[in-house]
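Colleague: I have not looked at this one before. Can you walk me through it?

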Amino acid sequence: MSTLCRLAAFVLAFAALTASAQSTFTSRHLAANSNQLLWGFASGAGSMVAVGNPGLILSSTDGTTWTSRSSGTSEWLVAVAYGDGFFVPVGDNGRILRSSH
């Protein structure tokens, strides 16, 4: 795993962080006693997406309220990118997903 992935995992493992224009960060915890970890984050078109294990996808338009999305997989999702109007999560065993518009 690259140093950048490890750093992202460390920062996002226990909380999704949101920032205001003043760069004030607020912790947003996953469910108590959850063994889910966040591994990747991307933003685009006014939305944010975080991915993790097992098959975890969270989305937000404000960085405060996060909604769980169905991924259809239990593979660990380790990264996500945004481009051409789509979020593309990728994970273990070559898993590649694509969001709908």
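Modeller: I will start at the end of the chain: N93 is found in the segment after β8. Helices (H or I, at least four residues) and strands (E, at least two) are DSSP runs, numbered from the N terminus.

Colleague: What is the phi of N93, and is N93 buried or exposed?

Modeller: N93 has a positive phi of about 55° although it is not a glycine. N93 is exposed, with a relative accessible area of 70%. Buried means under 20% relative accessible area, exposed over 50%, and partly exposed in between, with a 1.4 Å probe and protein chains only.

Colleague: What should I know about the source?

Modeller: This is a predicted model, in which local features need pLDDT of at least 70 and side-chain atom pairs count only at pLDDT 80 or more, while totals for chains, interfaces and linings use all residues. Residues are numbered from 1 along each chain as its sequence is written, and side-chain values use heavy atoms, with hydrogens and water left out.

Colleague: What is the mean pLDDT?

Modeller: The mean is 79, and 68% of the residues reach 70 or more. pLDDT is the predictor's confidence in each residue, from 0 to 100. Over residues 1-20 the pLDDT is below 50.

Colleague: How many helices and strands are there?

Modeller: There is 1 helix, and there are 8 strands. Along the sequence the pattern reads α-β-β-β-β-β-β-β-β.

Colleague: Which strands form the open sheet?

Modeller: The order is β3-β4-β5-β6, with antiparallel pairing. Two strands pair if DSSP finds at least two bridges between them. β3 (38-44) and β6 (67-69) are at the edges with a single partner strand each, so one side of each has no neighbour in the sheet. Between β5 (residues 56-60) and β6 there are 3 bridges, and S59 stands opposite T67 in β6.

Colleague: Now the loops. Where is P54?

Modeller: P54 lies in the loop between β4 (47-52) and β5. A cis peptide bond joins N53 and P54, with omega about -20°.

Colleague: And where is A45?

Modeller: A45 is in the loop between β3 and β4. Its phi is positive, about 55°, although A45 is not a glycine. A45 is exposed, at a relative accessible area of 69%.

Colleague: What do β7 and β8 form?

Modeller: They form a hairpin with 2 residues between them, and D84 in the turn has a positive phi of about 55°. β7 (residues 77-83) and β8 (residues 86-91) pair in the antiparallel sense over 6 bridges. A79 stands opposite V90 in β8.

Notes:
Contact means heavy atoms within 4.5 Å.
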